[in-house]
Amino acid sequence: MLVGNGIEDEEKWLAEGIAGIQHHAFYMHRALDANNLRETLKYSAQMLSELRTSKLSPHKYYELYMRAFDELRKLEMFFKEESKHGVSIVDLYELVQHAGNILPRLYLLCTVGSVYIKSKEAPARDVLKDLVEMCRGVQHPIRGLFLRSYLAQVSRDKLPDLGSEYEGDADTVVDAVDFVLQNFTEMNKLWVRMHYQGPGQIREKREKERSELRDLVGKNLHVLGQIEGVDLEMYKGTVLPRVLEQVVNCKDELAQYYLMDCIIQVFPDEYHLQTLETLLGAFPQLQPTVDIKTVLSRLMDRLSNYAASSIEVLPEFLQVEAFAKLSNAIGRVIETQVDMPIVGVIALYVSLLTFTLRVHPERLDYVDQVLGACVKKLSGKPKLEDNRATKQVVALLTAPLEKYNDIVTALTLSNYPRVMDCLDNGTNKAMAMVIIQSIMNNNTCISTADKVEVLFELIKGLIKDLDGTSVDELDEEDFKDEQNSVARLIHMLYNDDPEEMLKIIYTVKKHIMSGGPQRLPFTVPPLIFSALRYVGYGLQLVRRLQCQDGDVVGEEVPATPKQIFQLLNQTIDALSSVSSPELALRLYLQCAEAAGACDLEPIAYEFFTQAFVLYEEEIADSKAQVTAIHLIIGTLQRMNVFGVENRDTLTHKATGYSAKLLKKPDQCRAVYACSHLFWVDDQDGIKDGERVLLCLKRALRIANAAQQMIAVTRGRSGPVTLFVEILNKYLYFFEKGNPQITTDAIGGLVELITTEMQSDSTTVASDAFFSSTVRYIQFQKEKGGALGEKYASIKV
Amino acid sequence: MNFIVGAFKPPCIVSISFADGRTRKQVPLKKENGHTVMVPLFQSQENIVGEVLIEPIHGKKLEHTGVKIELLGQIVRELDVPGELYEKKTYPFEFSTVEMPYESYNGVNVRLRYILKVTISRNYVSNIVEHQDFVVQNYTPLPSINNSIKMEVGIEDCLHIEFEYNKSKYHLKDVILGKIYFLLVRIKIKNMELEIRRRESTGSGPNTYVETETLAKFELMDGGPVRGESIPVRLFLSPYELTPTYRNINNKFSVKYYLNLVLVDEEDRRYFKQQEITVYRLET
């Protein structure tokens with residue numbers, strides 16, 4: 001045979017076979033119509049002889065078989081009607097055995113046998129037994145498989161099952177089971193034997209062909225699964241042990257995989273649960289190449305679904321200690337199958353985890369146990385590089401999160417972070433992101449320092465540089481996303497109990513300080529604010545206690561805000577040292593304000609000092625300086641904690657720096673802003689009208705200077721915006737009742753602006769600003785009242 | 001032709017009839033000319049009773065020197081003294097409890113026949129002779145000892161089988177049951193058959209002729225088994241034209257039967273083992 005045209009040849013042979021069947025079937029039909037038994041038997045045997053071919057692949061052979069099968073149905077109808085052929089069924093059963101060729105003989109025998117059982121002239125058991133025994137004569141794998149498949153097909157509705165019409169004194173369900181089991185065993189042997197036949201080079205093709213035939217074998221298990229009379233006891237005592245014996249002993253990879261899967265799918269969950277030990281006992285005995293993990297996973301999936309189906313079945317799981325058994329079995333399988341790839345191992349654990357999460361959601365120790373087993377397997381090995389294995393680990397880690405919707409639960413699992421350690425850096429981070437997402441989505445509050453500790457251990461991939469990678473290699477946007485997530489996370493870590501909260505803050509600080517220059521700008525602010533929130537809370541507590549007892553009960557407040565501020569000071573210091581001085585400055589000011597609110601003048605002063613130091617030493621950019629100085633002024637203005645001396649020092653500094661800004665307009669604006677430092681519009685705020693005026697005048701001088709400078713450099717006068725702005729300040733303080741601001745001064749200023757504007761007609765914006773300011777003055781005048789009277793004397 | 005035939009036509013019609021001819025069982029018998037006729041069946045020690053009818057052709061006188069009937073080779077009965085026959089006359093005859101130990105047999109090289117022969121002896125002209133075949137079959141009771149045939153055979157390191165047939169003696173409508181057990185299979189077997197062979201030997205000494213015929217080829221197995229397989233045997237004998245085993249019949253011939261188990265490998269090499277079985281006729 002030439003290999004090249006093998007397929008064409010096969011088509012030809014199939015066509016010939018079909019033609020042969022049709023030819024003989026034609027004569028068979030004639031004989032049937034004529035009620036001629038002799039001729040019928042003769043032509044049917046000839047027709048069936050077409051099935052003796054060895055030339056067809058299983059696929060093609062199946063086509064041929066189906067043709068013959070259809071014809072055999074007609075023959076069976078004929079056999080049923082004794083009146084037509086006049087021969088008793090008993091005699092007919094002998095008569096068909098006269099055929100010289102075994103294959104046609106056995107097909108005919110099975111056909112008559114089926115009629116024989118139906119006639120009930122002999123116990124079904126005896127006929128079935130005879131048929132299944134006689135079929136041994138066909139040892140050719142494909143022909144034997146199809147023959148026995150035919151037997152299974154014609155007998156399946158005639159088994160002496162419980163409640164079946166074929167059940168009798170002699171015929172019991174035991175016989176039905178024996179019959180099916182025997183047919184199954186023989187079919188499996190034939191099927192396995194296919195593997196060893198023919199030359200080695202076509203083995204792959206043959207295995208594919210074999211795979212196509214597997215359902216013929218599996219059909220027997222389906223039949224067993226449908227026998228009503230197979231109760232748990234019988235399943236346990238007979239069916240399962242015998243099927244497993246066959247599966248184990250056949251030592252064939254394909255068969256073992258398929259049949260184990262078949263067993264799991266075909267029989268009821270309840271049976272699996274009650275025979276778990278037996279079933280699982282078979283796994284380590286399978287061939288090392290069998291894909292056990294898939295099969296075991298399916299078993300666990302089924303059992304999980306079963307557990308999920310009804311609450312009533314759960315006690316069964318406990319009673320049979322399903323988890324322990326599965327866990328042991330997996331352990332043994334992994335131990336036995338040394339060559340199992342790591343992805344398989346983890347996949348098994350994932351299944352087990354899914355199982356325990358569904359069946360024993362309350363047993364966190366089980367979950368931890370599974371993770372622990374996984375760690376044990378993974379530890380001592382280099383980090384996972386296999387993509388698929390990594391995915392499985394992620395699945396392993398994600399499952400508990402999804403189940404409990406609560407990271408807190410996961411944090412109690414001691415092995416959880418150890419599993420995470422096994423991931424490569426990228427995946428580790430991704431997993432950490434998943435964890436953070438879970439926390440954010442569920443709005444979970446992490447409320448103890450221990451848990452925070454564990455959590456940071458889990459997400460350490462985001463918190464600091466891990467070995468081998470530096471931040472430079474990372475995508476900037478990803479990095480930002482990650483760090484923003486961490487920042488958000490920090491806000492989820494709190495506890496109403498100050499003592500615990502303090503611990504949390506310390507823990508967080510400890511971790512984020514190791515983050516390096518790139519991360520600190522992201523992570524420090526949330527920590528600061530979180531701590532400030534605590535300080536705010538602590539303050540309230542102090543006040544409350546004071547209200548109750550009139551005195552602070554020291555022990556009740558575990559940490560004074562002082563300590564917190566010290567901590568914050570260090571933290572911000574770290575930030576300023578990593579070239580984020582502007583951010584540090586803002587945070588210092590924030591802290592200063594908070595410290596002020598806590599009545600901690602020295603601390604607030606210290607923070608301010610730090611801010612000024614930063615301003616002096618680190619902030620060189622003129623724009624940044626402008627922003628910084630305004631921030632300083634704004635903060636300082638709001639604070640009333642300082643004593644006169646300290647306040648003077650600080651305001652003096654602020655004013656001094658304002659006047660030293662590079663650009664004149666900036667100077668001007670900073671200086672008039674400083675005026676507010678001397679006039680706090682509070683009940684007991686400072687109200688030093690003189691110094692306000694000094695500032696404003698100084699601002700005017702600077703504005704003048706600026707105007708002149710423009711005139712010199714550009715040959716024309718500059719905009720009057722600065723003047724209008726100062727005018728507005730005048731009006732503000734005027735309204736607030738600063739006695740130093742007189743109507744004359746305001747009037748003078750208005751005049752000055754008007755004059756300036758005449759010499760410069762280009763500035764529309766300042767024009768509009770000025771005219772609306774003037775309109776405001778007019779408005780106030782016309783409105784009357786106390787304020788209106790004040791305004792009345794302003795000349796415009 | 002007719003008139004020539006007519007000219008040599010015997011002067012009378014002779015016919016032999018049996019007293020229980022209507023009820024007696026008839027069996028087919030193949031004549032030498034190939035035609036099959038139905039003949040009555042007897043067994044040993046039966047009475048063979050009947051009549052011989054002689055009817056002279058109309059208007060002719062038949063002169064004879066005596067009429068006799070013989071069961072060929074054995075017994076002669078004088079039916080008439082010498083005389084003349086003018087009209088038809090019947091002569092009853094009876095051979096009582098005839099010993100007929102051998103069965104009729106129609107083989108390749110040998111036939112065993114039972115014939116009634118009526119001879120009308122005449123002077124000067126040839127005797128008038130008429131033959132009537134009948135068949136004898138003798139029945140055997142169930143053998144008291146009937147062991148199974150069990151044997152292990154093989155080719156070293158190649159094929160070892162053990163076969164078992166449930167009996168060594170089978171009656172003609174019997175069924176051979178058994179099994180073939182494969183102990184070692186190192187060849188690729190294509191199929192296995194069971195043959196029934198008949199061995200007829202005639203003559204004796206250097207003049208012995210042996211004819212072997214294969215009467216049945218019955219496929220037992222399709223495809224190659226592996227070690228440990230056991231293949232059932234169930235062969236119904238009724239469809240085949242067997243006779244009982246005949247051993248040294250009258251020192252003239254023997255007919256023996258053999259079961260021949262044949263294994264054919266994929267290169268069409270045949271491996272076989274032959275076992276004699278005894279076939280007998282069971283009283284029904």
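The size of an interface is often given as the accessible area lost when the parts come together. The structure is a predicted model, and the values in this report are to be read accordingly.

On the side of chain A, 22 residues take part in the contact, while chain B contributes 19 residues.

## Polar and charged interactions

Five salt bridges are counted between chain A and chain B. A salt bridge joins the side chains of Arg136(A) and Glu229(B), with a distance of 3.9 Å from N to O.

Several helices of chain A take part: α6, α7 (124-134) and α9 (173-194) each provide at least two residues of the side that touches chain B. The residues on that side of chain A comprise 10 charged, seven polar and five nonpolar ones.

## Confidence in chain A

The mean pLDDT of chain A is 83, and 91% of the residues reach at least 70. Confidence in chain A is highest in helix α6 (residues 102-119), with a mean of 96, and lowest in helix α28 (residues 520-549), with a mean of 67. Helix α6 also supplies at least two residues of the side of chain A that touches chain B.

Over residues 545-558 of chain A, pLDDT remains under 50, and the model has 12 contacts beyond four places in sequence for this stretch. Where pLDDT is low, the predicted coordinates should not be read in detail.

Key: Residues numbered from 1 in each chain as written. Chains lettered and ligands numbered in written order. Predicted model: local features only at pLDDT ≥ 70, side-chain atom pairs only at ≥ 80, totals over all residues. Heavy atoms only, no water. pLDDT = per-residue confidence, 0-100. Helix = DSSP H or I, 4+ residues; strand = E, 2+ residues; numbered from the N terminus. Contact = heavy atoms within 4.5 Å. Salt bridge = Lys/Arg side-chain N within 4 Å of Asp/Glu carboxyl O. Nonpolar A, V, L, I, M, F, W, Y, C, P; charged D, E, K, R; others polar.
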